[in-house]
Amino acid sequence: MEDTVDHLAHERSKAQFNVEEMKIIWAGSLHALQVSDRIAKLVASDPGFGKENRAVLSRKDLFKSALKKAAYVWKRINELGLSEEETSWLRFYVDELAYDYVHWGMFVPAIKGSATEEQQNKWLPLANTMQIIGTYAQTELGHGSNVRGLETTATFDPVTDEFIIHSPTLTSSKWWPGGLGKVATHAVVYAQLITDGKEYGVNGFLVQIRSLDDHFPLPGITVGDIGMKFGSGAFNSMDNGVLRFDRVRIPRNQMLMRVSKVTREGKYVESNIPKQIIYGAMVYVRQTIVADASIALSRAVCIATRYSAVRRQFGSPQNDQNGNGIETQVIDYKTQQSRLFPLLASAYAFRFVGEWLKWLYTDLIQKLEGNDFSTLPEVHACTAGLKSLTTSAAADGIEESRKLCGGHGYLSSSGLPELYATFVPACTYEGDNVVLLLQVSRFLMKTISQLQSGKKPTGTTAYIGHVEHLIQCGCNVKKAEDWLNLCVILEAFEARAIRLLVACAENLTKFANPLQGFSELSPDLVEAAVAHCQVIVVSKFIEKLQQNIQGIGVKQLLETLCYIYSLNLIHKHLGDFLSTRSITPKQASLASDQLRSLYAKVRPNAIALVDAFNYTDHFLGSVLGSYDGNVYPKLYEEAWKDPLNESVVPDGYHENIRPVLKQQLQNARL
Ligand SMILES: CC/C=C\C/C=C\C/C=C\C/C=C\C/C=C\C/C=C\CC/C=C/C(=O)SCCNC(=O)CCNC(=O)[C@H](O)C(C)(C)COP(=O)(O)OP(=O)(O)OC[C@H]1O[C@@H](n2cnc3c(N)ncnc32)[C@H](O)[C@@H]1OP(=O)(O)O
Ligand SMILES: Cc1cc2nc3c(=O)[nH]c(=O)nc-3n(C[C@H](O)[C@H](O)[C@H](O)COP(=O)(O)OP(=O)(O)OC[C@H]3O[C@@H](n4cnc5c(N)ncnc54)[C@H](O)[C@@H]3O)c2cc1C
């Protein structure tokens with residue numbers, strides 16, 4: 001008989017804030033909550049979106065199942081006439097990686113960002129109705145981070161008015177593009193443009209790779225899947241591919257010509273649009289990945305928090321002298337709280353900074369339409385830096401959540417192994433996280449060097465303009481409660497960041513060759529870039545608190561989470577804060593004292609804080625994290641579904657177990 005008891009009801013009754021209002025804050029608005037909730041329920045109740053145990057499927061079955069789901073998604077979108085907003089929620093809740101992620105996430109944005117209006121009018125209707133399926137073919141076997149080093153060539157032939165796309169070496173083979181291996185019919189291919197015997201750098205070209213009639217590769221094209229990837233399930237439902245060109249010809253007008261073009265005569269013509277716009281799809285996707293990071297982390301934290309409230313180990317004060325009675329909920333152990341609650345706070349922090357980053361990106365797009373490119377460097381630095389910071393923290397946080405669930409966290413049915421395996425490549429794709437932080441530090445060093453010429457930093461670097469104050473200011477905290485001051489916290493973060501940045505800038509001047517200096521100091525530059533990105537996250541959390549926040553206790557809880565996020569970072573990066581003298585050892589110890597009190601404030605609200613994510617059991621996909629907390633029967637039931645349990649005596653018994661046992665028996669008899 002099904003157990004309908006809510007095992008977490010008592011925990012829910014302890015909440016000191018209005019959960020429904022917190023749901024609105026998490027979703028971004030009442031409208032967003034209503035739409036997402038409606039679509040989440042629609043997905044959860046449709047058997048076509050049922051989640052089989054992906055971990056036990058063979059690669060082929062996994063891929064076939066992802067194809068089936070992607071086709072069903074497309075069918076339902078059309079049948080239900082879903083809006084763009086509803087469609088993106090549907091994809092989100094279906095939660096199955098397939099070619100459509102790259103088609104919508106990169107192929108379409110690349111066309112929107114780099115194609116001329118005429119080209120967009122031709123290609124977007126085809127892509128938007130999925131009459132063609134596209135991928136983003138940039139990375140090669142030999143080069144991923146170094147985009148300028150790509151080897152694929154696109155040579156203009158003025159006789160036929162065509163480009164010849166060619167893979168001159170093995171290392172020039174395109175390698176990794178999602179959806180390329182088995183599905184995509186078209187690709188935006190990044191290649192070195194050559195015309196009139198001269199090279200003009202990397203540009204994008206729209207290339208058809210498979211026939212729209214029989215799906216065979218077109219002449220001159222070699223294409224396939226690159227093989228199994230990390231973990232069970234996870235990215236293995238995606239056909240990341242390899243692609244080679246043997247002098248494949250495409251019409252000249254399939255070069256994406258918004259930024260620069262090649263004329264009929266073969267002349268390369270640059271526009272006044274910055275060349276970096278061809279990297280625009282990356283900026284767009286990096287911004288969305290920050291939102292992905294908050295989702296992946298909040299999902300793991302939801303599972304770990306609910307399970308920690310259900311799981312009991314060892315005695316408690318209520319026990320009798322023999323240790324019998326109610327055991328302690330593991331969430332009540334201070335060590336569990338000090339590992340779990342900072343992750344909970346980070347999930348909220350990343351949600352808010354992701355929301356702000358979306359605004360910053362939208363603002364950039366509006367400015368670009370008016371030919372205002374002024375904020376592009378800052379948006380590039382923010383998207384690169386925050387993508388790096390949030391994905392690294394989320395990946396570590398998912399793994400920590402697994403450990404917080406003890407042995408059961410290692411079971412596939414906990415949902416955590418696949419969540420980790422699916423999310424961890426986000427530290428690499430769309431730019432390796434270290435490479436991206438180096439981009440941020442380059443931008444910051446430039447900002448610092450421009451101070452001398454009187455240029456006032458703005459936006460996220462505005463604090464760098466207060467360098468004199470921040471270099472010499474001291475932190476005023478004298479007792480633990482003094483840390484409950486958002487201005488004090490922000491100033492400590494700004495002081496630490498600017499002192500690290502100025503130290504890097506000064507050290508760089510000691511090198512005659514700036515490139516060599518940058519390379520020598522790169523570990524310090526990366527640390528300084530992280531410190532700067534943390535200033536952004538903390539300051540955006542604080543800005544969120546200044547908004548009109550409704551609901552009993554909601555603002556107070558968010559403030560508590562903001563303090564936890566910040567003070568835990570101080571604790572984690574203590575070396576930086578102390579070595580830059582941004583705080584004293586005594587203040588560091590007071591921050592730890594304050595953190596303990598803050599954890600005590602979160603404890604009664606922990607379950608309600610993860611309920612506010614509003615995740616369905618279908619989306620969570622975890623027997624440890626289900627809403628009702630009915631963990632043990634679900635674990636037990638799930639185990640019996642494993643294919644190994646289909647027979648009592650396993651396949652292979654007669655060949656490989658019985659002879660061993662027999663041998664042991666004979667040995668024993670001798
Ligand atoms: C089933 C599910 C089960 C569970 C799931 C559960 C949870 C999962 C949760 C979430 C996951 C969900 C979904 C996943 C969704 C999608 C994933 C699907 C697919 C992934 C797709 C991945 C695609 C890719 O990876 S595409 C390839 C990306 N490649 C890169 O990023 C390359 C990185 N390299 C570079 O960007 C550049 O080469 C460089 C590092 C910037 C260096 O280039 P370069 O040498 O040219 O640069 P310089 O340093 O000289 O800079 C010149 C100049 O330009 C400025 N610049 C550089 N880049 C940019 C830019 N992008 N925009 C603007 N400006 C830029 C730079 O600052 C310099 O400026 P200055 O001269 O002024 O200094
Ligand atoms: C799951 C997945 C999906 C992907 N999807 C796509 C896709 O759809 N389309 C596409 O085009 N690509 C895709 N990629 C490729 C991805 O974008 C690249 O793997 C990524 O940009 C990193 O490049 P790389 O592999 O060349 O790493 P490398 O640059 O070779 O990195 C290796 C190591 O070198 C270090 N390193 C590199 N350069 C420097 C430097 N200058 N200074 C200091 N350290 C450095 C890095 O930090 C890293 O530790 C995907 C990758 C993955 C894993």
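Helices (H or I, at least four residues) and strands (E, at least two) are DSSP runs, numbered from the N terminus. The model is predicted: local features need pLDDT of at least 70, side-chain atom pairs count only at pLDDT 80 or more, and totals for chains, interfaces and linings use all residues. Residues are numbered from 1 along each chain as its sequence is written.

**Exercise 1.** State how many helices and strands the protein has, and how its radius of gyration relates to the globule rule.

*Solution.* The protein holds 23 helices and 13 strands. Its radius of gyration (taken over C-alpha atoms) is 27 Å, close to the 26 Å from the globule rule (2.2 Å times the number of residues to the power 0.38) for 670 residues, so the protein is as compact as a globular protein of that length.

**Exercise 2.** Describe how helix H6 packs against helix H8.

*Solution.* Two packed helices are described by the angle between their axes and the distance between the axes. Axes are lines fitted to C-alpha atoms, for helices over the stretch in contact, and angles run from 0 to 180 degrees between N-to-C directions.

Step 1: the axes of H6 (residues 99-114) and H8 (residues 280-310) come within 8 Å and cross at roughly 130 degrees.

Step 2: H6 is therefore oblique to H8 (angles under 35 degrees count as roughly parallel, over 145 as roughly antiparallel, 65 to 115 as roughly perpendicular and the rest as oblique).

Step 3: residues in contact (C-beta atoms, placed from the backbone, within 7 Å) include Gly 105 and Met 106 of H6 and Tyr 284 and Val 285 of H8.

**Exercise 3.** Determine what share of the residues is buried.

*Solution.* A residue is buried if 20 or more other C-beta atoms, placed from the backbone, lie within 10 Å of its own. Buried residues form 43% of the 670 residues.

Key. Chains are lettered from A and ligands numbered from 1 in the order in which they are written. Two residues are in contact if their C-beta atoms, placed from the backbone, lie within 7 Å. A residue is buried if 20 or more other C-beta atoms lie within 10 Å of its own, exposed if 12 or fewer, and partly exposed in between; C-beta atoms are placed from the backbone.
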